[in-house]
Structures are given as C-alpha cells and as structure tokens.
Amino acid sequence: MSTIMGEERCALVLSGGGGRGAFECGAIERLTELAGKHALPWPPEILVGTSIGAMNAAVWAIGGTAKVGEMWNQIRTRDMNRFWRLRPWNSILDRSAWKRTLETYADELELAQVSQKLYIVATDLNSGRPVVFTNDEHYWDMRAPGRYAHLTCQKVDAIDHIHLLASSAIPYAYPKVEAAVQVEVKKPDGSTAIELRKHKLWDGVLMYNAPLQPAIDAGATRIWVVLLSPFHERKDLPSPERGLLARIGYVIDMATMSTFENDLEQTFRRAHEELRDCKCQVIAPQEWLGVGDYFSYSKKQIEDLRDRGADAASRAWERLQKDGWDWDSARP
C-alpha cells in the first residue's frame with residue numbers, strides 16, 4: 001500500500017507493563033499539550049495497544065486524553081487486582097476488579113461507536129503466535145499477501161472487553177481468556193474455508209509488546225511509540241537495582257526491548273523499500289522501572305510515572321524539533 005503524497009496519518013502505539021501504564025498517560029497528556037501549541041501530527045487516527053497499552057488505547061478512543069487522565073486519577077491496585085477468591089485456583093489473581101474498571105472507563109457500547117482504528121494485541125496459545133484484533137473496516141483492503149506469516153490479524157465488528165482482557169492476561173498471574181478466532185481450515189475437497197473457533201489467549205506482551213506492523217499497514221506515516229522499558233544506545237545506562245525481583249524485571253525488559261528493536265528495523269526497512277514516507281518517534285523511560293510496578297497502582301507510583309512519561313514526551317519533542325521526523329531520530 002502506498003501513502004498518498006502529502007497526507008499524514010498519525011498512529012499511537014502503546015506497549016504493555018501493568019501499573020507502568022501510568023507512564024503512557026503522562027506521555028499522552030504532554031503530547032496533547034504540545035499539539036495544542038505546535039504543528040504536531042495529533043490526535044492519532046490509529047491506536048495500537050498491548051496489555052495495559054490496549055486499555056489506555058481503548059479509553060483514549062472513547063474520551064480522548066481527558067478520559068485517560070481521569071482513569072489514572074481514580075484507579076488503585078484494588079481496582080485492577082483481586083488476590084482472594086473462591087475456586088478455581090488456576091491463577092494468582094482473578095479479573096473481576098479489572099472487568100469492573102473496564103465497565104467504568106471503557107463501556108462496550110461506547111467502544112462499538114469509536115471512530116479511531118483500534119488494534120489490540122494478544123497471544124494465541126493454540127497457534128503460539130500473536131493475534132491482533134481490529135475494528136478497522138478497511139483492513140482487508142490494505143493487507144498484502146504473505147505479510148502476516150508470524151501473526152494473525154482478525155477483523156471484528158467492535159473491540160470489546162474480551163479482547164482487552166485477553167491482551168492483558170499475564171500468564172499465571174491472571175487466568176487465560178477464551179475468544180473467537182478466525183482459522184483457515186482445509187476441506188476434504190482440498191479447498192479452504194474460514195471458521196470461527198474458540199482459542200485460549202494470553203497477554204500480548206509475550207510475543208508482540210510494541211506492535212509497529214499493524215500501524216504501518218493501517219497507513220500511518222507518523223508513529224509515536226510509548227515503551228515502558230528503557231530503549232537507549234547509551235553505554236552509561238544505569239544498572240538495574242540489586243535483588244532477585246529487580247533482576248527478573250531486568251530480564252523481562254531486555255526480552256521485550258530486543259523484540260521491539262527487531263520489529264523497528266524490519267518494518268521500517270520494508271516501508272523504505274516501498275518508498276513510503278513513514279517515520280517514528282520513541283518515548284521511553286531513561287531508567288529501569290521496578291518489577292513491582294507491574295502489579296502496583298498506588299497513588300504515589302502513578303503520579304511519579306505520569307511525571308516521567310510527560311518528561312520523556314518532552315524529550316521526544318525536542319528531538320523532533322532538532323532532527324525532524326528523521327529515521328535516525330527514532331532512538332532516544
């Protein structure tokens with residue numbers, strides 16, 4: 001698909017990270033503020049989210065920046081995690097608290113009416129691949145043959161709670177989610193058909209934490225990516241804190257960032273090969289965040305992460321002013 005000359009389409013890609021999602025809130029608030037003062041490509045027409053990023057994207061699609069800010073002003077750990085419950089004991093937490101929060105800030109009737117193109121990422125346990133649910137009516141027209149060998153993209157009538165819960169189902173922390181997935185099956189006569197089958201889904205962070213490809217294939221020319229782990233070439237990046245939990249968090253961050261770096265390289269290489277005008281700006285923390293931030297939604301933590309997100313967005317804007325939407329300026 002080629003980009004129409006002179007037409008700019010803005011996308012916002014939000015990665016996963018539980019309570020770290022407050023960082024995304026701060027970044028979104030600062031970008032909205034900057035857009036009001038400068039010729040910034042905003043608001044995004046295309047929203048791509050994984051895990052807590054999916055929730056932020058859905059809430060933004062309904063009520064914009066103000067709605068996202070309202071949610072993070074109000075939610076606390078009790079609104080997202082519930083530790084004690086009756087059987088079955090197949091996970092540490094259940095989803096009843098998170099489901100109530102979705103009903104408050106991302107009502108399904110409102111989700112069905114959003115105009116933005118939403119792409120929500122989960123991991124399909126049946127296939128072992130990422131699955132991307134989208135409400136984009138024109139998705140199939142833009143899809144190139146063979147492009148999605150490593151993931152499954154599903155057109156749905158509307159994004160709903162089952163997709164958001166699947167996208168944020170951290171393995172064994174939360175129970176698996178079952179949802180309908182379109183599967184290509186072979187018939188006895190050798191022909192193929194598409195069937196809807198119930199598949200078990202887990203958190204999108206496992207396979208595709210910061211999905212650029214759906215944004216590019218949806219026609220984005222200017223992409224803001226908000227990461228919840230450091231993304232730097234600096235050699236003096238501080239080491240993570242000592243302790244087992246900090247080291248576990250460090251390993252998780254390193255794994256998700258290596259996946260993103262590969263995706264960044266491959267997708268933009270393809271865009272350049274297709275002579276497409278497609279640029280990216282990355283907003284990321286300057287230091288390692290705590291592994292406990294995944295599950296904690298304390299007021300102090302949320303305020304701190306929102307401030308960090310706003311500062312990181314300001315730094316990204318300064319790079320944009322200095323270098324323009326240049327490929328080399330994608331890295332902090």
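Colleague: What is the mean pLDDT of the protein chain, and what share of its residues reach 70 or more?

Modeller: The mean pLDDT, the predictor's confidence in each residue from 0 to 100, is 82, and 81% of the residues reach 70 or more. This is a predicted model, in which local features need pLDDT of at least 70, side-chain atom pairs count only at pLDDT 80 or more, and totals for chains, interfaces and linings use all residues. Residues are numbered from 1 along each chain as its sequence is written, and side-chain values use heavy atoms, with hydrogens and water left out.

Colleague: Which elements have the lowest and the highest mean pLDDT?

Modeller: Helix 5 (residues 139–142) has the lowest, at 54, and helix 2 the highest, at 97. Over residues 1–6 the pLDDT is below 50, and this stretch has 10 contacts in the model beyond near neighbours in sequence; a contact means heavy atoms within 4.5 Å. Residues 141–146 also stay under 50, with 8 contacts beyond four places in sequence. Helices (H or I, at least four residues) and strands (E, at least two) are DSSP runs, numbered from the N terminus.

Colleague: Why is His161 called buried?

Modeller: Buried means under 20% relative accessible area, exposed over 50%, and partly exposed in between (1.4 Å probe, protein chains only). His161 has a relative accessible area of 3%, so this residue is buried. His161 is found in helix 6. Leaving out residues up to four places away in sequence, His161 touches Lys99, Leu102, Glu103, Ala106, Asp107, Glu108 and Leu111.

Colleague: What puts the buried residues of helix 3 on the same side of that helix?

Modeller: The buried residues of helix 3 (residues 96–105) are Ala97, Trp98, Thr101, Leu102 and Tyr105. They cover an arc of only 140 degrees around the axis, and therefore lie on the same side of helix 3; the arc is that of the directions from the helix axis to the C-beta atoms. Their cover includes helix 2 (52–74) and helix 6 (161–167).

Colleague: What makes Glu137 and Lys155 a salt bridge?

Modeller: A salt bridge is a side-chain nitrogen of Lys or Arg within 4 Å of a carboxyl oxygen of Asp or Glu. The N to O distance between the side chains of Glu137 and Lys155 is 3.6 Å, so the pair qualifies. The pair links distant parts of the chain: Glu137 lies in the loop between strand 4 (129–134) and helix 5, and Lys155 in strand 5 (residues 152–155), 18 residues apart. Glu137 is exposed because its relative accessibility is 57%, whereas Lys155, at 15%, is buried.

Colleague: How many salt bridges are found in the whole structure?

Modeller: The search finds 9. One of the pairs is Arg308 with Glu287, at 3.0 Å, N to O. This pair also links distant parts of the chain, with Arg308 in helix 9 (residues 299–323) and Glu287 in the loop between strand 9 (279–283) and helix 9, 21 residues apart. Arg308 is partly exposed, with a relative accessible area of 28%, and Glu287 is partly exposed at 28%. Glu195 and Arg197 also meet in a salt bridge, at 3.3 Å. Arg30, Glu33 and Lys37 are linked in a network of salt bridges.

Colleague: Which residues have the most contacts inside the largest nonpolar core?

Modeller: They are Trp72, Trp98, Trp224 and Ile283, in a core of 66 residues. Helix 2 gives the most to this core, with 11 residues. A second, separate core of 27 residues includes Ala11, Tyr208, Ala220 and Phe268. A nonpolar core is a set of buried Ala, Val, Leu, Ile, Met, Phe, Trp, Tyr and Cys residues joined through side-chain atoms within 4.5 Å.

Colleague: Why does Ser51 count as buried?

Modeller: Ser51 has 4% relative accessibility, and therefore counts as buried. Ser51 is found in the loop between strand 2 (46–50) and helix 2. Beyond its neighbours within four places in sequence, Ser51 is in contact with Gly16, Gly17, Ser167, Ser168, Asp203 and Val205. The C-alpha atoms of Ser51 and Gly17, 34 residues apart along the chain, are separated by 7.0 Å.
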